[in-house]
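Visitor: I am new to reading protein models. Could you walk me through one, feature by feature?

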Amino acid sequence: MGRFDGVLLASDFDNTLIYTEDALRSDEPVPPLSRENREALEWFMAEGGRFAIATGRALAALVKYVDQVPMNAPGVVCNGAALYDFARGEYLEMAMLDGDVRERGQAVLEKFPSAAVEAYHIDNVIHAVHPNAITRQHEHLTKVAVEERPSLPEVPLPLGKLLFEDDHAVLEEIKRFLTEQGWSGDYELIFSGQTLLELTARGANKGGMVRRLAARLGIPMKHVYCVGDEANDIPMLTAAAEGFAPANCVSLVRDCGATIVADARESALADVVRRLAEKYPG
């Protein structure tokens with residue numbers, strides 16, 4: 001029996017497990033997982049813990065890094081729209097967007113011509129309409145080239161997520177527009193960065209999918225811990241027995257009551273595992 005038997009730890013990827021902000025803003029490569037994080041996670045799993053990634057990234061944008069990250073549980077992708085089993089190479093759960101989302105998203109693009117949108121097809125393809133500089137930054141970060149389409153209605157279904165990209169002030173206006181149209185009640189609308197506004201199906205967020213993962217693993221939520229730095233992480237941070245956030249997190253995450261740990265550049269996950277070891281002394 002390991003000291004972490006029956007414990008689930010779920011972590012965001014960007015700027016939590018690995019600090020990727022510099023790569024997003026420049027031509028720098030995404031850094032590797034730190035030795036401290038790797039060793040801590042390997043020990044956590046060797047002691048019976050289950051570790052999962054919970055990311056806003058599409059599967060296509062995460063799969064390139066899977067071999068670098070030790071994990072022994074299915075991962076949450078597309079900001080909670082899907083649960084993917086990396087060991088078996090298949091989706092276990094999906095919460096797809098409705099058929100109206102393409103026309104509604106197109107209405108957004110027509111009203112806000114500076115905005116771009118990435119449409120995450122469940123078949124491991126990312127489509128883009130009106131790609132802008134932020135889209136190109138995102139391509140550099142994820143190392144996944146988008147497939148451009150002239151309009152959202154021409155993007156094939158099923159879709160797990162739309163990602164609107166523009167300056168934050170414009171994204172706030174987009175969020176307000178979707179609410180004024182009476183459409184926001186059908187979706188989750190949440191920021192995953194200053195220039196990124198996520199749209200998923202109602203109930204499809206990291207918190208909901210982490211709950212479903214825990215249920216699949218037979219782990220009660222009182223033994224589930226989550227780590228994240230952005231607003232889209234809050235649903236899982238508040239669902240967990242304890243939510244942790246790296247010191248580089250946004251103010252909304254601090255305000256949600258998350259326990260602040262080391263900066264992502266200073267191996268935040270290793271700090272989390274140290275704290276869990278105090279909770280589960282063995």
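Visitor: What percentage of the 282 residues of the protein count as buried?

Guide: Before the number, a word on the source: this is a predicted model, where local features need pLDDT of at least 70 and side-chain atom pairs count only at pLDDT 80 or more, while totals for chains, interfaces and linings use all residues. Residues are numbered from 1 along each chain as its sequence is written, and side-chain values use heavy atoms, with hydrogens and water left out. Now the answer: 59% of the 282 residues count as buried. Buried means under 20% relative accessible area, exposed means over 50%, and partly exposed lies in between, with a 1.4 Å probe and protein chains only.

Visitor: What radius of gyration does the protein have?

Guide: This radius is taken over C-alpha atoms, and the globule rule is 2.2 Å times the number of residues to the power 0.38. For 282 residues a compact globule would come near 19 Å, and the protein has 18 Å, which agrees. The C-alpha trace spans about 60 × 35 × 35 Å along its principal axes.

Visitor: How many helices and strands are there in the protein?

Guide: There are ten helices and 14 strands. Helices (H or I, at least four residues) and strands (E, at least two) are DSSP runs, numbered from the N terminus.

Visitor: Which strands form the sheet with parallel pairing, and in what order?

Guide: Strands of a sheet pair through backbone hydrogen bonds, either parallel or antiparallel. Two strands count as paired if DSSP finds at least two bridges between them. Here five strands make an open parallel sheet in the order β2-β1-β12-β13-β14. Its edge strands are β2 (50-53) and β14 (259-261), each pairing on one side only. From one strand to the next, the twist averages 25°; axes are lines fitted to C-alpha atoms, for helices over the stretch in contact, and angles run from 0 to 180 degrees between N-to-C directions. Three bridges link β13 (residues 242-246) with β14, and Pro246 stands opposite Val261 in β14.

Visitor: Which strands make up the open sheet with antiparallel pairing?

Guide: That sheet has three strands in the order β3-β4-β5. β3 (75-77) and β5 (90-94) each have a single partner strand, so one side of each is left without a neighbour in the sheet. Between β3 and β4 (residues 82-85) there are three bridges, and Val76 stands opposite Leu83 in β4.

Visitor: How many residues lie between β10 and β11 in their hairpin?

Guide: Two residues lie between them. Six bridges join these antiparallel strands, with Tyr187 opposite Ala201 in β11. As for β10, seven of its seven residues are buried.

Visitor: What volume does the largest pocket have?

Guide: Rolling a probe the size of a water molecule over the atoms shows where empty space is left. On a 1 Å grid over the protein atoms alone, a cavity is a set of points where a 1.4 Å probe fits but cannot get out, and a pocket is an open set with protein on both sides within 12 Å along at least five of seven lines; lining residues have an atom within 4 Å of a point. Grid points are joined across faces, edges and corners, and a volume is the space filled by probe spheres set on the points. The largest pocket has about 500 Å³. Of its 31 lining residues, Asp14, Asn15, Ser192, Leu196 and Glu230 lie nearest the centre. The lining has eight nonpolar, twelve polar and eleven charged residues. In this scheme Ala, Val, Leu, Ile, Met, Phe, Trp, Tyr, Cys and Pro are nonpolar, Asp, Glu, Lys and Arg are charged, and the others, Gly among them, are polar.

Visitor: How many cavities of 30 Å³ or more does the search find?

Guide: Two. The largest cavity holds about 40 Å³, and its lining has nine nonpolar, two polar and no charged residues.

Visitor: Which residues does a cis peptide bond join?

Guide: Most residues other than glycine have a negative phi, and most peptide bonds are trans. Here a cis bond joins Leu157 and Pro158, with omega about 0°. Pro158 sits in the loop between β8 (147-148) and β9.

Visitor: Is Asn79, with its 1% relative accessibility, buried or exposed?

Guide: Asn79 counts as buried. Its phi is near 60°, a positive value in a residue other than glycine, and its place is the loop between β3 and β4. Lys143 also has a positive phi of about 60°, but at 41% relative accessibility Lys143 counts as partly exposed.
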